[in-house]
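Please consult the sequence and structure shown below while reading.

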Amino acid sequence: MSISLAEPILDAGVWPRSTRARGADLAVGGLPAAELAERFGTPLYLLDEQHVRDTCRAYRRALPGVEIAYAAKAFLCRGVVAWLREEGFGLDVCSAGELELAALAGMPGERIILHGNAKSGDELRAALRLGVGRIVLDNPVEIARLAALVAPRQRQRVMVRVVPGIEAGAHHAIRTGGEDQKFGLSIARGDAEDAVLRAVAQPHLELTGLHCHLGSQIGSVRPWLAAIGTLTAFLAGLRDRHGIVLPELNLGGGHGIAYRSGEHPLDIESFATDVRRRLARQCALYELPVPRLIVEPGRAITGPAGVALYRVLVVKRTAHRVFVAVDGGMADNPRPALYGARTTVRLVGRAGAPGTRRVTVVGRYCESGDVLAADVELPEDVRPGDLLAMPAAGAYQQSMASTYNLVGRPPVVAVRDGRARVLLRREGIADLLARDVAE
Ligand code: LLP
């Protein structure tokens, strides 16, 4: 089924690019949501493949010569790794599980970057075995630990994760550039310099540069510009004091997206222009060679391409509000409960009454904090059996999903040009029971 250009596009910044209002329904990737819900059941996660690929291409166009490593923690499966590999992306991983999956899906080892504030010996060994391009050192202990694991006559490329003292991000739990949090080594305290010297002193390690990640869901380029100031001053200090010149600079991820109408995503073209200009200016100021840039967007690549579909099970009126309870909730999308995240909700599959009413969409899990969307407007006749769609669902929902209350996780289905392909199947009761191995 192809998409006709005559069909209206919904708020393009919030819904996947292929989304069209089709009569009373909504189509993604050329397929009606109601039909997909019928075929695959609900809750259901859709991922617009073309949108992911187009976003990758926009990044590559905006940032020529920059290495782009998708942050796997946003959402990972073999199908997505294949798209990223084809689009020339690398991958940032932070566990042996992400690493093994990336390798299984054919991501070349040299395009993989391993992170983690507490990597196990097994994770370091797996990274060496799979030939990852860079390991990002986060503490002094792992410098010697890693060096001891590298085979004789081999060298592992590494970066040092530094704390520039600049915080950014939509919620305190996802701000990682400040001094009072667990990641990285402080420039201000001298810990970063100490780690650089230790790494350089290890013959089995090749230090290629610095890494920093300021936080997540950042909407303005300003924090990165400030970080570039601190980072280049530090690079100049390393050169002046120790004669060390580092060829790479990794600015992490954190590129913000729109979850609701009127919100502004980080504009990647301005990011590219402003960051490069500031870096060139700072390097000229300190007479440093301009380091090769690496960026690690996660949410911005898969988030806007996703849609979550839920079936309404119950509508309940209380003294305070009207609750619309759906068949998913905080286990497949913990973001509202964890960060107070707000999102868009839309009735799909039938035309609702013209009037709306204010409702709170809740999940089916056994706690009152299981709220997906508080105080949103839905057609006043919203009722059991209805389908609700929530956009911008492609990042940090499935990847953070749990099996709370022993409910299996929903499937993820890729849609493109009128075709649907299951990427992750639904987790059934048999999957859940299979882990329970003692009577
Ligand atoms: N690089 C590093 C080292 C990171 O720690 C992260 C995210 C990224 C890149 C990608 O950040 P992104 O471009 O996706 O913002 N669960 C939270 C987000 C946690 C982000 C953790 N680190 C949420 O749902 O908002």
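What is the volume of the largest cavity? The largest cavity has a volume of about 60 Å³.

## Basis of the model

This is a predicted model, in which local features need pLDDT of at least 70, side-chain atom pairs count only at pLDDT 80 or more, and totals for chains, interfaces and linings use all residues. Residues are numbered from 1 along each chain as its sequence is written, and side-chain values use heavy atoms, with hydrogens and water left out.

## Enclosed cavities

The model contains 3 cavities of 30 Å³ or more. On a 1 Å grid over the protein atoms alone, a cavity is a set of points where a 1.4 Å probe fits but cannot get out, whereas a pocket is an open set with protein on both sides within 12 Å along at least five of seven lines; lining residues have an atom within 4 Å of a point. Grid points are joined across faces, edges and corners, and a volume is the space filled by probe spheres set on the points.

The lining of the largest cavity consists of L235, L238, I244, V245, L246, C283, L288, P289 and P291. By class, this lining has 9 nonpolar, no polar and no charged residues (Ala, Val, Leu, Ile, Met, Phe, Trp, Tyr, Cys and Pro count as nonpolar, Asp, Glu, Lys and Arg as charged, and the others, Gly among them, as polar).

## The largest pocket

The largest pocket holds about 680 Å³ of space. Of the 33 residues that line this pocket, K73, R161, T176, F183 and H213 are the closest to its centre. The lining comprises 9 nonpolar, 14 polar and 10 charged residues.

## Annotated binding-site residues

An unreviewed UniProt entry places the feature "binding site" at G254, E296, P297, G298, R299 and Y396. From this set, G254, E296, G298, R299 and Y396 belong to the lining of the largest pocket. UniProt positions are given in the numbering used here, feature names are shortened, and annotations may be inferred rather than shown by experiment.

Is G254 buried or exposed? G254 counts as buried because its relative accessibility is 8% (buried means under 20% relative accessible area, exposed over 50%, partly exposed in between, with a 1.4 Å probe and protein chains only). G254 is located in the loop between strand 12 (248–250) and helix 9 (268–286). Not counting residues up to four places away in sequence, G254 touches H213, G215, S216, Q217, I218 and W224; contact means heavy atoms within 4.5 Å.

R299, in helix 10 (residues 299–302), is likewise buried, with a relative accessible area of 4%. Beyond its neighbours within four places in sequence, its contacts include S216, Q217, H255, R335 and Y396. The side chains of R299 and S216 are joined by a polar contact of 2.7 Å (a pair of N or O atoms within 3.5 Å; within protein, one must be able to donate a hydrogen and the other to accept it, and residues adjacent in sequence count only if both atoms are side-chain atoms).

Technical notes:
Helix = DSSP H or I, 4+ residues; strand = E, 2+ residues; numbered from the N terminus.
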